[in-house]
Structure formats: C-alpha cells, structure tokens
Amino acid sequence: MFELLGVPPQALFGQLLLGLINGAFYALLSLGLAVIFGMLNVINFTHGAQYMMGAFAAWMLLQYAGLPFWVALVVAPLIIGLTGIIVERLLLSRLYHLDHLYGLLLTFGLALIFEGLFRKQFGSSGLPYQNPLPGGVNLGFMFLPWYRGFIVMFSLVVCLGTWFLIERTKLGAYLRAATENPQLVQAFGINVPRMITLTYGFGVALAGLAGVLAAPIYSVTPVMGANLIIVVFAVVVIGGMGSILGSIVTGFGLGIVEGFTKVFYPEASNTVIFIIMAIVLMIRPAGLFGTQR
Amino acid sequence: MRGTFKAAAAAALLSAGSFGAQAQMTDGVIKIGVLTDMSGLYADFTGQGSVWSARKAVEDFGAAAKGIKVEVIGADHQNKADISSNIARQWFDVDKVDVIVDLVSTTTALAVNSIGREKNKVVLVSGAATSDLTGSQCSPNSIHWVYDTWSLANGTGNALAKTADGKSWFFVTADYAFGHALERDTSAVVEKNGGKVLGKVRHPFPGQDFSSFLLQAQASKAQVIGLANAGGDTTNAIKQAAEFGIVQGGQKLASLLIFISDIHSLGLKTAQGLTFTEAWYWDLNDNNRAYAKEFAPANKGVQPSMVHAGVYSSVLHYLKAVTALGSDGDGAKVISKMKEMPTEDRLFGKGVVRQDGRKIHDMYLFQVKKPEESKGPWDYYKLASTIPASEAFRPIEQGGCPLVK
C-alpha cells in the first residue's frame, strides 16, 4: 500500500474529514464576519465573544429551562442575534460616520467586557454540556461520531443558504444595493437603517449558532471564542474581506490544510494559517475572492 | 489589559497585642505577594482562592496576636513569563514584597524562580508542575510545595504501567516546558515498569480541537493514551475522546494532571473512572472538610483545590520560619530555616522540606466517581491508594540539583 511521507492513506482520509469538520466552524464564523463587513463595513471583533455567548446560551437554556440541544439550536441564535441588534442600535449605529477604526475599537472593547462578565459569573474552567448525538459509525479509516457528521452537513446547509439569500434573492439584492448606495436605496422607500440592523443581528446570530454547535464538543468556557477568533480573522483576510463565497470556501479549505499540518508537523498547526495569510497578502492583497474597494 | 491588576490589595493585620518577642522585619512588615492566574485557563483552581488561602494562613498563624504585621497582595501573571517577571521585579524592588507564592504555569514559575534568586528573596511555588524546580533549576531561594511532574508521573504512571493492559503508551503533549517535563517523567516511569512508548504528538498550547491528535493516538493502538497537558486542554481532550469512542474502543486515558475544577467542568458522566494523582482533596478528612467549609462560601461555592491548600500550607510555614529566625531580610536564610524546621499544618499534616527545595508529603491516587456514587456537586473523588511520602517524590540524588552535595 502506498504511503505519503510515512503516513498511511487511511490516516490521511481521517484527517481530511476532521479538517472539514473544523473548517465548518471556520466557515460559519467567517461567514458571519463577512456578512457584517460586507454590509456594514464594520470589523466585528465581538464575534468571538458572541460565539462564546451562543454556547453559554445553550448551556443556560438546558440548565435553567430544561430545553434540549435541538431547541437551543434554534432559540440560542435568536437570543444572541437579539443582543446583537441591541448592541447595533445602542452603540454601533453611532459610529457609522466615523473611521472604521472606531467600530473596531468598540467591538474589541465589548468582547473583553462580555468575556470578563462571563468569567466572573461562571469561572474559567468551563461547564459541561452533553453530546446530543452520542455514538458514531466506523468508516473503515476512522470512527466518525454522528455529531461531527451532523456539524459538517448542517453548517454546509447554513452557509449555502446564506450565500443564496444574499446573492440570489430580492432581499439580498436590496442589501447589496444599500451597501453600494444607501441614499438611492432609501429614496426607493426601503428602510436602510433597519436593514443594516437586521444584517448585524443575522451575522451575530450565525456566531451564536456556531457557539451552540461547539458546546457539545468543546469546553464551554468564557475564552473559547478568544482562542478561535484570531484564526477566523485570518480566514476572512485570506478569503477576501466581505466575500461571502470566499469565506465559505476558505473556511473549509483552511480547516483541511490545518488538519494535514496536525499530521505532518503538529507543532505548527496553530501557525500554518497565518503563514498562508502572509503569502496570500503578498500575492493578492484583496484576498483570494475579494475585490479591491 | 497589561500591568498589575492589584486584585486584592489588603488584609493588613495591624499589631494588636505586644506580648512576646517582636520580630525585626526589614521594613516593619512582612509582605506576601500572591502571583497567580486571576483570569485565564487556570484561575479556578488558583486565582482569588489562592489569595484567600494566603490570608487564611496569616489569620490562623495569629500574626496580629504575635505583634507581627503581615500584608497580602495579589496580581495576575496571565501565565506569561514576561508579565510575571515584570510584576516580580516591581514587587521585589519597589513594593518591598518579601515572598512570592503560588505561580501557576511552568514558564512563570521558572522566570520568577531565577528573579527570586537574583534578588535573594523567597519564592514558594504551589501551582506550577515542572520537576526542574527541584532539579536542574533548583535555587536556594525557592521551595516547590504541592506536587511536580515526577510525582504525577510516578503516581499515575506506576499505577497504570504495573497492570498488564498498561504497557504501551502514546502521549498527547502540550508543546511547552511543562508538557515536555510531564511527558519525559512519565515515559521514564513507563519504561522502568517494562512498558513501551509507541509515539507522541505535541499540540500547540492552548489547543481547542484534539480530534486529530486523538485519532493519531487511536491509530497507534497504544493501550494507554497519556494526556501530558492541563486545564482546558485536558478537559477538551477528554471530552473529545469520549466522543470518538476511544475508551469504548479499549484504550485507557491517563490524565496526568487534572484538578477538581476540571472534573467539575467535565461533569461526572464524561469524567467517571479517570485515575490520577493529587496531593490533596477537600473531602479526604475532617480537617480538609473544615477548611473547605470556610473556603467555599468566600469563593462562590467552589471547593478548594490542592493548589489552594498548598498556598495556605506554604505561607503558614514561611511565617513560622520568619518568626523563628526573627527576620525576613535574607531570603536564602529564611529558606534554610524552612528546610531546617519540620512542617506541620492542618491540611498536609507533618512533613519536611528537602535540601533541593522539595516539600515532602503523601500523595494520593484518586479515581473519579460514577454519577450514581456521587452525593452532589464537588463529591467527585474516591481514594484508590495513598502513595507514602517516602515514595511520592523523586529521590533527591536523581534530580541533579546542584545544591545537593
């Protein structure tokens, strides 16, 4: 049987699949960031904290209301989306006329505050959340837990649904038009500020959704988002800021690259994405799928 | 974000009585700095609980009644060597701190260990794990109080490697000094027992997704998968191992360093059956339970960890030594006094501090209870065996500490 650099092909298939699963998280999170950046021109640094809050919302729904995972999968993103809408209405909307940097600073500060509050309340070690789909299937080359398989399928559906909504529907057309020329779109009688608010809420809800998906497999801790968000920003930069399709494709793609790095040189698995980012920025500063603005 | 968060700045116990010989302290006050993880991965088993424990030791010592002024301050070292070094220098040079206690991660402990030596102060490590603190890096100004990588490896490694289905190992190791030390010490124990290390994978710290590393461990067909990491890395790895059916597949997980807050975070359903080594457990005896009863209400209902107990025990012994010596000025002298006097306190009982700076006491092999065996939150461990003090730590001549002649 052929081997690649001393690694049997079964192991490679396994890592390919695991990479896809991690890529699903990158894709979901970077998609939310891309939607927000594309429509609002805001770099949402609170995204990691909102992802964490999604996981905590799932935990709280189970703990205090007895609602199972499948209910939380719908309810928690709605709650997190709603908090996003409040943040946008109360704070973010006041900064649109200023430089991007102010939005970045505001969202970064909010992330620190949210994480601090959760740490104060729940401690730093994390909370238990049981796997709603225990067990799995032996694929021959690896054991695939049902839940991981579900994550890949589910996030693919959500990603493609979002892409379709924004690129192929009338609502999406309004959104894109409002980004290009808000005054003109407003003149046609469309409530642009409300659309922007809802877009931010939607992007944040995507982060919350990723958080709910993460709760059964990662420790639910206040810093779970801070660890992940830096990588996700790199994914967005590689894909091209604001590109919907770019964030989905690079999310899954980089998950796979990272998966392979974990086999061949695990020590570098945290850095490989940033190396790719540096190379992409040198060759295509706007990102793989981005256009110069 | 940077700098010193003087998270807890007080507890100045003013002199009340005036009986007994008054000790001559350098600046009239003994200043204890609790340098710990207040906000990161390890804050639940160190952090504010460590500050509370240091204060409790001062109170139990009866400093006020003895006419000695003691002040306890705390700061967050964020588990970074540069930040811990900056705070340690600031404390020693400017704030007149006499002793730094706790120090949670290996990198921060090693950094402050050398600063304490340079400034001739006292460093009492409870949180960090590396056995190098009493080996190649040992210092006449430091004592390593609670546990170390060697004692963990010895306890858990021996217990598993002596059995027939614990002979082949695969390590999932955190890629920094602590993980390497734990892996090294455990490999030695496994090999000494006639076992074999089939492979290892070093993951970046902190990690989130361990499935890839676990899959490699699974493919190695090793009987035992040794987790040479800590905190969130360990809980994530255990959680995901359950998901990938590693234990059902016949492989055993050995969590080489795990704390009670980690078990709380995992939940008994996931953690049940894990075997591991610790130096202290709150529900082990009446003394410990009494301490926990005072600790929990002051710390959001959390039960004390072995690190908290270690901070208490080390501060108490330090105060005894300083009082016996009558001065806190010369760090190396205080440490030799601490080594000369036998230790005794309500949490660790009787013990000694060795020449290489190793505090010696019993260690325990625990097993996590099944959900149905537990009476409620924090009732998690059952005692599997006691490792007597004489066997619990690395023999002094094997450490390579230059202080040992």
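Q: How many residues lie between β11(B) and β12(B) in the hairpin they form?
A: In this predicted model, three bridges join β11(B) to β12(B), residues 349–353, and the two strands run antiparallel. Within this pairing, Asp345(B) stands opposite Gly349(B), and Glu344(B) has Lys350(B) as its bridge partner. The number of residues between the two strands of the hairpin is three.

Q: Which residue takes a positive phi in the hairpin of β12(B) and β13(B)?
A: β12(B) and β13(B) pair in the antiparallel sense over two bridges. Val352(B) stands opposite Ile360(B) of β13(B). The hairpin has five residues between its strands, and the residue with a positive phi, near 90°, is Gly357(B).

Q: Why is one side of β11 and of β13 of chain B left without a neighbour in the sheet?
A: The open sheet has three strands in the order β11-β12-β13 (chain B), with antiparallel pairing. β11 (343–345) and β13 (359–360) stand at the edges of this sheet, so one side of each lacks a neighbour. The reason is that each of them has a single partner strand.

Q: How many bridges pair β14(B) with β15(B)?
A: β14(B) covers residues 363–368 and pairs with β15(B) in the antiparallel sense. In this part of the sheet, Met363(B) stands opposite Ile387(B) in β15(B). The number of bridges between the two strands is six.

Q: Is Thr275(B) buried, partly exposed or exposed?
A: Thr275(B) is in strand β10 of chain B. Leaving aside neighbours within four places in sequence, its contacts are Thr156(B), Ala159(B), Leu160(B), Leu365(B), Gln367(B) and Ala384(B). A residue needs 20 or more C-beta neighbours within 10 Å to be buried and 12 or fewer to be exposed. Thr275(B) has 18 C-beta neighbours inside 10 Å, so the residue counts as partly exposed.

Q: What distance separates the centres of domain 1 and domain 2 of chain B?
A: The domain assignment gives domain 1 as 30–147 + 284–361 and domain 2 as 150–278 + 362–392. The contact takes 20 residues from domain 1 of chain B and 21 residues from domain 2 of chain B. Taken over C-alpha atoms, the distance between the centres is 27 Å.

Q: Which helix supplies the largest share of the side of domain 1 of chain B that touches domain 2 of chain B?
A: By class, this side has nine nonpolar, nine polar and two charged residues. The largest share is three residues, and they come from residues 106–119 of chain B, helix α3.

Q: Which element supplies the largest share of the side of chain A that touches chain B?
A: Between the chains, 31 residues of chain A are in contact with 35 residues of chain B. α1 (9–40), β2 (143–145), α9 (224–239) and α10 (244–264) of chain A each supply at least two residues of the side of chain A. That side divides into twelve nonpolar, 16 polar and three charged residues. The largest share, five residues, comes from α1(A).

Q: Over which residues of chain B is the pLDDT below 50?
A: Chain B averages a pLDDT of 91, and 94% of the residues score at least 70. The model as a whole scores ipTM 0.87 and pTM 0.88. The stretch with pLDDT below 50 has 47 contacts in the model beyond near neighbours in sequence, and covers residues 1–23.

Note on methods. Residues are numbered from 1 along each chain as its sequence is written. Chains are lettered from A and ligands numbered from 1 in the order in which they are written. This is a predicted model: local features need pLDDT of at least 70, side-chain atom pairs count only at pLDDT 80 or more; totals for chains, interfaces and linings use all residues. Two residues are in contact if their C-beta atoms, placed from the backbone, lie within 7 Å. Helices (H or I, at least four residues) and strands (E, at least two) are DSSP runs, numbered from the N terminus. Ala, Val, Leu, Ile, Met, Phe, Trp, Tyr, Cys and Pro count as nonpolar, Asp, Glu, Lys and Arg as charged, and the others, Gly among them, as polar. Two strands pair if DSSP finds at least two bridges between them. Domain bounds come from an automatic or database domain assignment. pLDDT is the predictor's confidence in each residue, from 0 to 100.
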